[in-house]
Amino acid sequence: MQQPIRFGLVGYKFMGKAHSNALARLPMFFPESPSVSRQAICGRDAAGVRSAAGQLGWQSYETDWRRLVDRDDIDVIDITAPSNAHHEIAIAAARAGKHVFCEKPLALTLDDARGMADAVRKAGVTGQIGFNYRFAPAIQMAHQLIASGRLGTIYHFRGQYLQDFIVDPQFPRVWRLDRSVCGSGALGDIGAHLIDLARYLVGDIREVSGMSRTFIRERPLPSAMTGLSASADETRRGVVDVDDATSFVFGFTGGAMGTIEATRFAQGNKNGMSFEINGSKGSLRFHFERMNELEWYDAADPQTESGFRVIQCTEAAHPYMSAWWPVGHVIGYEHTFVHEMADFVRAVSAGQPASPDFADGVAVSQIMEAVELSIDRRAWVEVASL
Ligand SMILES: NC(=O)c1ccc[n+]([C@@H]2O[C@H](COP(=O)([O-])OP(=O)(O)OC[C@H]3O[C@@H](n4cnc5c(N)ncnc54)[C@H](O)[C@@H]3O)[C@@H](O)[C@H]2O)c1
């Protein structure tokens, strides 16, 4: 039997849990996948990481990521720490000959992202980035419909990622609002996913023009935080130096036009990621809160029957669905992480390129940096100029 692929995970909170769950599910639902072992988990707080190791099923723990990277019983470094930690850890891991799975956005800056992609390429290891929304079967189905020409020439991509968790001015200035830790606000935290989907589904982006706002410029500092929730320390305040909301219009290299709106100030929207794509032969609509469904308008339908149909993407024939439940038994957010890990370990085991890889992460960072530059200059920016 082949040796298991031995994982070392950095971070044990929101994404740490999502990745741990994904690795635990693999042998149960994707038994043909290469086997994996949850070798060691890493966090800075000894009590916290010890408890996480037990809860999330890891064999051991470390309190310094350098120790994790140095261990010779680990093949993959999986990075779920905030974005300011990605660059240093990924480069050290690649240089130590480890494969790297890294959460998005790849890095704080385009330069750092490029450095990470170079390090992985030079070391000849596999690098994958955590654009997990690609792995919803409905998104894969959208990709297949577009790639097979069923939508014809694509004219529009119209994407929105709407959340509301920071509308309250008393919500603390967590790391997601601190540029030195996250690089950018709504743009990098949620907009990055839509940029990736626009590229994945429609193609490369040539030029962008954006605007952004920071509605609340100062907030109490956090006393505790978990997932997207946090409590405030009312005695201390901090500056918000990232975008609360960013919108931009853009042109695809292939001629289609696009809009993306990313905001955490859209009251009532919790994880409202949605898009519509319009082509000469039809349209597609997706909303993450109904992630098992893909809406498709086929212009070839008879006039008397025309309209959007709702495809339930739960047939065994839909990508990844044969691994799960009988048809109509829907899957959720966490399954997207299982799917991305199934693909990643297959790529590692076969020595094949992963997808989305670090080059995709660089491409998204390049577009985000172009958007920020266009906002600063109040002008259009060509993505290739960066
Ligand atoms: N793919 C997605 O849908 C998605 C969703 C949320 C977050 N993310 C990304 O995942 C990353 C983490 O976000 P999160 O929400 O899980 O954050 P989080 O705050 O919930 O967890 C971060 C973890 O990293 C640990 N950590 C921080 N610095 C560290 C260091 N130097 N060494 C070791 N451990 C360290 C923390 O202790 C914590 O366990 C970010 O890059 C974020 O953009 C992706």
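1. The expected span of a helix is 1.5 Å times one less than its number of residues. Helices (H or I, at least four residues) and strands (E, at least two) are DSSP runs, numbered from the N terminus. This is a predicted model, in which local features need pLDDT of at least 70 and side-chain atom pairs count only at pLDDT 80 or more, while totals for chains, interfaces and linings use all residues. Residues are numbered from 1 along each chain as its sequence is written.

2. Helix H1 (residues 14-29) has 16 residues and should span 22 Å at 1.5 Å a residue; its end C-alpha atoms are 22 Å apart, which agrees.

3. Buried residues (20 or more other C-beta atoms within 10 Å of their own, with C-beta atoms placed from the backbone) in H1 are Met15, Gly16, Ala18, His19, Ser20, Ala22 and Leu23. They pack, by contact (C-beta atoms, placed from the backbone, within 7 Å), against strands S1 (5-10), S2 (36-42) and S4 (76-79) and helices H2 (46-56) and H9 (333-350).

4. H1 also gives the most to the shell around the ligand, with 3 residues. Of the 21 residues around the ligand (C-beta atom, placed from the backbone, within 6 Å), Gly11, Lys13, Phe14, Met15 and Glu103 come nearest.

5. Helices H8 (residues 186-201) and H10 (residues 358-377) pack at an angle of about 115°, with axes 10 Å apart; axes are lines fitted to C-alpha atoms over the stretch in contact, and angles run from 0 to 180 degrees between N-to-C directions. On the H8 side, Leu187, Gly188, Ala192, Ile195, Asp196 and Arg199 meet Asp360, Ala363, Val364, Ile367, Met368 and Val371 of H10.

How values were computed
A residue is buried if 20 or more other C-beta atoms lie within 10 Å of its own, exposed if 12 or fewer, and partly exposed in between; C-beta atoms are placed from the backbone. Two residues are in contact if their C-beta atoms, placed from the backbone, lie within 7 Å.
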